[in-house]
Amino acid sequence: MSTSDRLDATFAALADPTRRAILARLAKGDATVMDLAKPFSMSQPAISKHLKVLEQAGLISRGSDAQRRPRRIEAKPLGEANEWLENYRKFWEGRYQQLDALLDELKLSKQTKTKRAKRPRS
Amino acid sequence: METKSKLKVTAQGEREIVMTRDFDAPRDLVFECHTKPELLKKWLLGPDGWIMEVCEVNLKIGGKYRYVWKQIADGITMGMGGEFKVITRPELIHCTEVFDEAWYPGEALVQSHFLEKNERTTLIVTILYNSKETRDMVLKSPMEGGVAISYNRLEDLMETLTK
């Protein structure tokens with residue numbers, strides 16, 4: 001699958017609130033289909049359908065426990081999809097950290113000026 | 001000590017990107033830092049190794065601004081500029097943004113809001129592109145349609161994941 005195809009699959013999978021909730025739940029730890037069905041008042045087959053979409057997008061995988069088949073969240077596709085915004089964020093966060101430092105400097109110099117102005121004449 | 005990132009970037013609606021960032025300073029100061037060349041030159045720099053060579057700001061409605069950055073090592077420059085559309089000191093600036101070597105067609109409208117609370121400032125920058133196509137191109141997205149909404153969802157999900 002190309003990066004573009006993977007992104008398509010990722011966003012298609014994320015386009016459903018139940019699937020996002022499943023991912024949020026799996027982010028806290030692996031869970032079986034039974035575990036996952038509980039909070040959604042959904043049948044197991046319905047949950048399984050969602051899991052299939054998530055699995056095809058590579059967002060989750062199946063654990064090694066053959067009996068329980070717990071699902072696990074996979075970080076890579078989400079990471080790819082978020083890459084652009086993250087690069088942009090990093091760029092600006094860098095600039096803004098420089099602005100933080102400058103603001104501290106300016107605040108300090110203003111305070112010093114105020115103090116000087118307030119100092120009573122001897 | 002809190003180390004998590006302070007800047008939030010999301011796609012919004014069809015044509016916008018929104019950045020939100022808090023600063024531990026009153027908004028008068030944050031506003032000044034965004035509008036006075038001698039202050040802008042101290043922070044609005046490119047990546048390491050770049051300097052801001054030109055910084056001209058004519059802060060009035062219809063006034064222009066121009067920034068040119070230069071890479072010290074090889075002298076490569078990058079320039080951009082635009083025109084001020086709305087100025088409400090110290091809370092609001094709307095200006096256009098055009099890059100010299102346009103990496104996206106047409107101009108974008110940059111709306112900066114400075115909100116103050118308890119001597120702290122929240123800066124909200126909304127970049128509105130001239131079309132959904134442009135914004136999505138800026139998002140460097142190979143996807144068609146629905147990208148903005150998807151990014152919003154992704155953002156929400158990331159928040160859930162990092163909580």
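Trainee: Where in chain B is the place of Asn118(B)?

Mentor: This is a predicted model, so read every feature as computed. Asn118(B) sits in the loop between β7 (108-117) and β8 (120-128) of chain B.

Trainee: What is the phi of Asn118(B)?

Mentor: It is near 50°, a positive value in a residue other than glycine.

Trainee: Is Asn118(B) buried or exposed?

Mentor: Check the relative accessible area against the cut-off: exposed means over 50%. Asn118(B) has 68%, so it is exposed. Now take Glu119(B), in the loop between β7 and β8 of chain B. Glu119(B) is not a glycine, yet its phi is positive, about 65°. At 57% relative accessibility, Glu119(B) counts as exposed.

Trainee: Which residues does a cis peptide bond join?

Mentor: Look at omega. It is about 0° for the bond between Arg89(B) and Pro90(B), a cis peptide bond. Pro90(B) lies in the loop between β5 (77-88) and β6 (92-99) of chain B.

Trainee: Now the core. Which residues touch the most other members of the largest nonpolar core?

Mentor: Start with the general idea. In soluble globular proteins, nonpolar side chains tend to be buried together. Here the largest nonpolar core has 41 residues, and Tyr96(A), Trp43(B) and Tyr67(B) touch the most other members. Helix α5 (residues 76-118) of chain A gives the largest share of this core, seven residues. Another core, of 17 residues, lies apart from it; Ala13(A), Leu26(A), Phe40(A) and Leu54(A) are among them.

Trainee: What is Tyr67(B) in contact with, leaving aside its neighbours within four places in sequence?

Mentor: Its contacts include His34(B), Leu40(B), Leu44(B), Met52(B), Val54(B) and Met80(B).

Trainee: How many aromatic pairs does a search of the whole structure find?

Mentor: Seven, over all chains. Read each pair by centre distance and plane angle. The rings of Tyr65(B) and Phe84(B) have centres 5.5 Å apart and planes at 45°, so the pair is tilted. This pair links distant parts of the chain, 19 residues apart: Tyr65(B) is in strand β4 (residues 64-71) of chain B and Phe84(B) in strand β5 of chain B. Tyr65(B) counts as buried at 7% relative accessibility, and Phe84(B) counts as buried at 5%.

Trainee: Why is the pair of Tyr67(B) and Trp69(B) edge-to-face?

Mentor: Because the planes are at 70°, with the ring centres 5.8 Å apart; edge-to-face needs over 60 degrees. Both Tyr67(B) and Trp69(B) are buried.

Trainee: Which residues form one aromatic cluster?

Mentor: Trp92(A), Tyr96(A), Phe23(B) and Trp43(B).

How values were computed:
Residues are numbered from 1 along each chain as its sequence is written. Chains are lettered from A and ligands numbered from 1 in the order in which they are written. This is a predicted model: local features need pLDDT of at least 70, side-chain atom pairs count only at pLDDT 80 or more; totals for chains, interfaces and linings use all residues. Side-chain values use heavy atoms; hydrogens and water are left out. A nonpolar core is a set of buried Ala, Val, Leu, Ile, Met, Phe, Trp, Tyr and Cys residues joined through side-chain atoms within 4.5 Å. Buried means under 20% relative accessible area, exposed over 50%, partly exposed in between (1.4 Å probe, protein chains only). Helices (H or I, at least four residues) and strands (E, at least two) are DSSP runs, numbered from the N terminus. Contact means heavy atoms within 4.5 Å. Rings of Phe, Tyr and Trp (its six-membered ring) pair if their centres lie within 6.5 Å; planes under 30 degrees apart count as stacked, over 60 as edge-to-face and the rest as tilted.
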